[in-house]
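This briefing sets out the computed features of one protein model. The points are grouped by topic for reference alongside the coordinates.

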Amino acid sequence: MTTDDISGMAPLVARLSRGGQRLRHADRTHPWVLDTAVVVLVFLMFCLPDLIHGGVDDGDGPRRFRLAFTQLPVAGMLALQIGLVLPLLWRRRKPVVAFGVIAAVFVLQWSLGAALRADVALFVALYSLALHGRLRQLPWACAAMAGAMVLVAVRVSSAVSIGDALFFLLSTATAALALGLMVRIRRAQLAGLRDRAARLEIERDQRSRLATATERTRVAREMHDIVGHNLSVIITLADAGAYATDIAPERGKEALQLIGDTGRQALGELRRVLGVLRETADGPPDRPELSPQPGIADIEALCAKVRAAGLEVVYRTSGDVDTLDSGVQLTVYRIVQEALTNTLKHADPGTRVHLAVLVEESRLTIRVLDTGPATPPGPPNEEGHGLVGMRERAALYGGTVSAGPAGGGGWSVEAVLDLTPGSGGDR
């Protein structure tokens, strides 16, 4: 079969698939329609010919077949046909009951020595029991079926050998049973696949929502660090500039220049963060003007701005800090930025801050100690977003952050990061 033949069959397959879906939907909505259609079809195909011609022994077959069967009156034949065919109406809702009734009528019919084409209903009932019934009910149903087949083989033994009759009858019953089990297994597999697809879709949506929440948390943390720190510096410089305008105009001018520099830096960092989130409807996304992420080398400039805002900062480093990767350096910068911002918010002008970044083999320690008030203002027993953000950043590298009053007064923040390769989380 060529590719053109396959492509030509695609519309037919699609129409058949849509037709099957509509039929399944109609069957779920009105199940009695299909059950009634099966009964009517069996009656027209297998019962009506017997009523018209007087049964399977209508005189057309060999003499030995005519002698093997009993001729029934039309009323008796119709009664047996009704007993065989009518129970098929509940073959799906109560397959055991339907099979039992049909099997009983089947045995009664063959006990009378009559043969009817409507006997096919027994095989339909066995198929329905294998498809819709409980599996533990199949053994006794198979035993009853085998007993009924033995009865038929004995009744026709004058025309056909018992072995041949049993082979044909049991093969037919086995085919009906196997077909029912095969369809049952196939439906179970399809149901399992649909359930798995639904679960995978739910898991995909959950992963998408989790990734979105994680990204929102990351962006919110970056925004908090950028806006919180720079606004604190700007507010402090503005207050100091307003105070110094009348006393030392040159100090007021210097404060205004620092405010401008801080604002421009904050605006640049905001553009960098928000530029990553910007999407365009047509064409490739506009690339924002990016600047390198801040690192340990930028802490000195950060300290200079804090000094200009009125704090005395003593900064020192120990170890090979320049060889740290950019992710660790950004984490160190943000933790130091948040700690200095908190000091700037809560400490008095002239507060002395000791800042140290120490690298010792596979461990990095950040210590920020100030001589300001021992307890920052705010609700008791409540952590601010800044401390939570610092702990989240440190946790990316298997680290911890502790904050609290320092001995001898003041406030202390200490963060410890694990630099061992593979110790961090997703970065």
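A residue counts as buried when its relative accessible area is under 20%. In this predicted model, 34% of the 427 residues of the protein fall into that class. The fold comprises 12 helices and five strands.

**Overall surface and contacts**

- The protein has an accessible surface of about 24,900 Å², and carbon and sulfur atoms contribute 61% of that area.
- Among contacts in the protein with a separation of 6 or more, 70% involve residues 24 or more positions apart.

**Aromatic pairs**

- A pair of aromatic rings is described by the distance of the centres and the angle of the planes.
- The count of aromatic pairs in the model comes to two.
- The ring centres of F99 and W140 lie 6.3 Å apart with the planes at 70°, so this pair is edge-to-face; the angle required for that class is over 60 degrees.
- Because F99 belongs to helix α5 (residues 95–111) and W140 to helix α7 (residues 138–155), the pair ties together parts that are 41 residues apart in sequence.
- F99 is buried, at a relative accessible area of 1%, whereas W140 is partly exposed, at 41%.
- F106 and W110 form a tilted aromatic pair, with 6.3 Å from centre to centre and 50° between the planes.
- F106 and W110 are four residues apart in helix α5 and are therefore separated by about one helical turn.
- Both F106 and W110 are buried.

**Nonpolar surface patch**

- A nonpolar patch on the surface is formed by V40, L41, F43, L44, M45, L48, I52, L78, I82 and L86, which together have about 860 Å² of accessible area.
- Helices α2 (31–53) and α4 (74–85) each supply at least two residues of the patch.
- The largest share of the patch, seven residues, comes from α2.
- One of the patch residues is M45, which is placed in helix α2.
- M45 is partly exposed, with a relative accessible area of 47%.

**D35 in helix α2**

- Helix α2 also contains D35.
- D35 is buried, at a relative accessible area of 3%.
- When neighbours within four places in sequence are left aside, D35 is in contact with L89, R91, R92 and R93.

**Helix α10 and its surroundings**

- In helix α10 (residues 299–308), the residues I299, L302, C303, K305 and V306 are buried.
- Viewed down the axis of α10, these buried residues fall within an arc of 160°, so they line one face of the helix.
- Just after α10, G310 adopts a positive phi of about 120°.
- K305, one of the buried residues of α10, is 44 residues from D261 in sequence, and the C-alpha to C-alpha distance between K305 and D261 is 9.5 Å.
- D261 is found in helix α9 (residues 249–277).
- D261 counts as partly exposed, at 43% relative accessibility, while K305 is buried.

Methods
Residues numbered from 1 in each chain as written. Predicted model: local features only at pLDDT ≥ 70, side-chain atom pairs only at ≥ 80, totals over all residues. Heavy atoms only, no water. Buried < 20%, exposed > 50% of the residue type's maximum accessible area, 1.4 Å probe, protein only. Arc of directions from axis to C-beta. Phe/Tyr/Trp six-rings, centres within 6.5 Å; stacked < 30°, edge-to-face > 60°. Patch = residues over 30% accessible without salt bridge, like charges linked within 9 Å, V, L, I, M, F, W, Y side chains within 5 Å. Areas by Shrake-Rupley, 256 points an atom, 1.4 Å probe, with all protein chains shown as cover. Salt bridge = Lys/Arg side-chain N within 4 Å of Asp/Glu carboxyl O. Contact = heavy atoms within 4.5 Å.
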